[in-house]
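Hello,

Here is the structure I promised to pass on to you. Please open it alongside this note, and I will go through what turned up.

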Amino acid sequence: MISAQGIRLIYYFYIVIEFILNEKLIRTDKPGGMPLVDFIRYEAGLTGTKIGCREGDCGACTVMEGSRSAGKVIYRTIVSCLTPLALVNGRHIVTIEGLNGETLNPVQQAIVDHSGTQCGFCTPGFVVSLMAQCLSGDTANLSKMLASVDGNICRCTGYKSIERAVRQVWELTRLHESSSTVAWMVEKGYLPAWFTYIPERLAGIGNQPHESPVNTIIIGGGTDLMVQKADDLMFGGIEKVRSSSAPGIEFRDGKCIIPGTCTVTELLESETLIQHFPNLGKHFSLISSTPIRNMATLAGNLVNASPIADLAIFFLALDAEICLVNGEDTDRFLPLKKFFKGYKQLDLQPGELVKYIRFSLPGRDDHFNFEKVSKRQHLDIASVNSAILVKINEGKIEKAHLSAGGVAPIPLFLAETSHFLEGKEITYDTLLRASEVLQQEISPISDIRGSAKYKRLLLRQLFIAHFIELFPRKSELSSLVQILQADEKH
Ligand SMILES: Cc1cc2nc3c(=O)[nH]c(=O)nc-3n(C[C@H](O)[C@H](O)[C@H](O)COP(=O)(O)OP(=O)(O)OC[C@H]3O[C@@H](n4cnc5c(N)ncnc54)[C@H](O)[C@@H]3O)c2cc1C
Ligand code: FES
Ligand code: FES
């Protein structure tokens with residue numbers, strides 16, 4: 001069971017922050033809320049890491065973060081503009097300078113070979129992202145290699161030349177079978193030799209004294225807070241940091257328990273979760289980008305309380321329960337659907353933390369689906385998103401849980417539509433009548449992501465799409481496709 005201690009550990013306020021930046025040990029008393037990118041550029045003088053948007057969108061500031069896990073160092077990309085310094089205590093941070101050798105490394109060479117750089121502003125970010133994928137050892141699949149740069153934007157080159165460079169790196173790395181990826185990459189000139197000594201050097205740092213701050217802004221990955229309140233974190237001198245990189249997802253008695261500190265990437269890497277949700281990769285690849293997924297936590301997604309929060313929508317349809325813990329270590333449980341009370345209003349007491357969520361794993365007769373529509377496929381938040389769980393018994397819907405985002409002030413559990421579906425067969429008529437109930441339950445507003453009318457139409461389409469996706473062989477549903485096509489013409 002996840003202990004309250006495990007959560008409390010992340011309350012540290014560091015007097016001195018210690019980490020390894022490329023090859024160099026850093027000990028600094030700079031504010032823990034200082035963006036890592038500013039430390040890298042203005043304190044350490046490493047200007048290869050660029051600043052584009054400062055909002056996690058462009059990837060120009062991408063660096064690698066190495067953290068110890070089961071005796072190894074796991075490297076992932078993060079955006080340094082949204083990473084407060086305190087979060088890298090005890091970590092290894094690698095910038096483009098840390099990947100430079102006497103000559104171009106094979107990743108840099110591939111970009112040169114295919115003319116994948118023009119002004120060069122984005123190039124360090126692309127190289128770091130691709131190098132992190134190589135370091136993960138997961139290089140056999142070209143699509144994964146291409147997806148590793150999904151958080152990097154280039155304004156001048158055009159992506160085809162970058163794609164060709166990625167393909168060249170894939171050709172070079174896909175067949176390597178060394179027992180140590182780092183050793184192989186050092187031998188082949190991808191990494192400098194000092195990389196080999198990082199695990200033992202990392203073991204000895206980040207254990208310095210700390211004290212609890214008087215005022216605390218709780219922070220998970222910082223991907224919402226650093227966009228919304230960077231100045232408060234910087235000048236308030238207060239912080240709370242991510243715990244260890246151990247995901248700690250538990251499966252017991254048909255239930256799944258996920259700690260609030262779990263990142264989207266850690267969810268995506270859980271083999272047991274994938275067994276129960278075979279489309280998890282497809283669904284969660286629609287959430288932000290690789291570096292943001294590496295940072296973004298479940299608790300942050302729920303507490304940020306955005307009406308379109310993808311994880312909130314996903315777990316609402318699973319009828320999840322949330323466990324909150326206060327200073328006295330007393331657990332408080334409530335259904336996730338009761339956690340959201342109004343626009344950005346939660347049933348969360350001051351000082352309470354999200355400890356974990358738990359839900360019943362889908363059984364053989366359960367069918368689950370998640371849909372999201374956004375202006376861009378990647379790196380974009382939803383205009384409307386929706387998830388559904390239906391349990392089928394003897395040809396009828398025994399249980400239904402439907403959720404939707406972007407159609408109300410909160411991530412919405414659609415209680416009435418869910419109730420309407422229960423006890424009914426899945427027919428053309430049932431779904432048309434249910435979609436009328438659905439329209440009564442929602443109250444979208446017009447905003448930058450679409451007009452209220454458009455969002456109503458979109459949710460109706462996603463609702464129907466759930467059933468077409470889950471029950472493709474149901475012939476009665478084929479005429480629903482025509483409805484979708486007719487809707488598209490409006
Ligand atoms: C470029 C970009 C793209 C994005 N794309 C998406 C997207 O596609 N879909 C999506 O849903 N979101 C998206 N987001 C939003 C964001 O990444 C997610 O909401 C993420 O899950 C937030 O988690 P975090 O750990 O970074 O939160 P933080 O910023 O650390 O915290 C958010 C809030 O949660 C509170 N909090 C954090 N941990 C706890 C805890 N354990 N207990 C209590 N309170 C806590 C914080 O105090 C804060 O109020 C995107 C963000 C960016 C920058
Ligand atoms: S500066 Fe654009 S992602 Fe950090
Ligand atoms: S080369 Fe100019 S932004 Fe990519």
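Around ligand 1 there is a shell of 32 residues, and the closest of them are Gly56, Gly220, Gly221, Gly300 and Asn301. Please keep in mind that this is a predicted model.

Several elements give two or more residues to that shell: helices H9 (225-228), H14 (290-295), H15 (298-304) and H16 (310-317), together with strand E14 (353-360). H15 gives the most, with five residues. If you sort the shell around ligand 1 by class, you will find 17 nonpolar residues, 11 polar ones and four charged ones.

The axes of H3 (residues 106-113) and H4 (residues 123-135) come within 9 Å of each other and cross at roughly 130°. Angles over 145 degrees would count as roughly antiparallel and 65 to 115 as roughly perpendicular, so H3 is oblique to H4. The crossing of H3 with H4 is right-handed.

On the H3 side, the contact is made by Val107, Gln108 and Ile111. H4 brings Thr123, Phe126, Val127, Leu130 and Met131 to it. Taken by class, this contact between H3 and H4 has six nonpolar residues and two polar ones, with no charged residues.

Enjoy exploring it!

Best wishes

How values were computed
Residues numbered from 1 in each chain as written. Chains lettered and ligands numbered in written order. Predicted model: local features only at pLDDT ≥ 70, side-chain atom pairs only at ≥ 80, totals over all residues. Near = placed C-beta within 6 Å. Helix = DSSP H or I, 4+ residues; strand = E, 2+ residues; numbered from the N terminus. Nonpolar A, V, L, I, M, F, W, Y, C, P; charged D, E, K, R; others polar. Axes fitted to C-alpha atoms, helices over the stretch in contact; angles between N-to-C directions. Parallel < 35°, antiparallel > 145°, perpendicular 65-115°, else oblique. Left-handed = near helix turned anticlockwise from the far one by under 90°. Contact = placed C-beta atoms within 7 Å.
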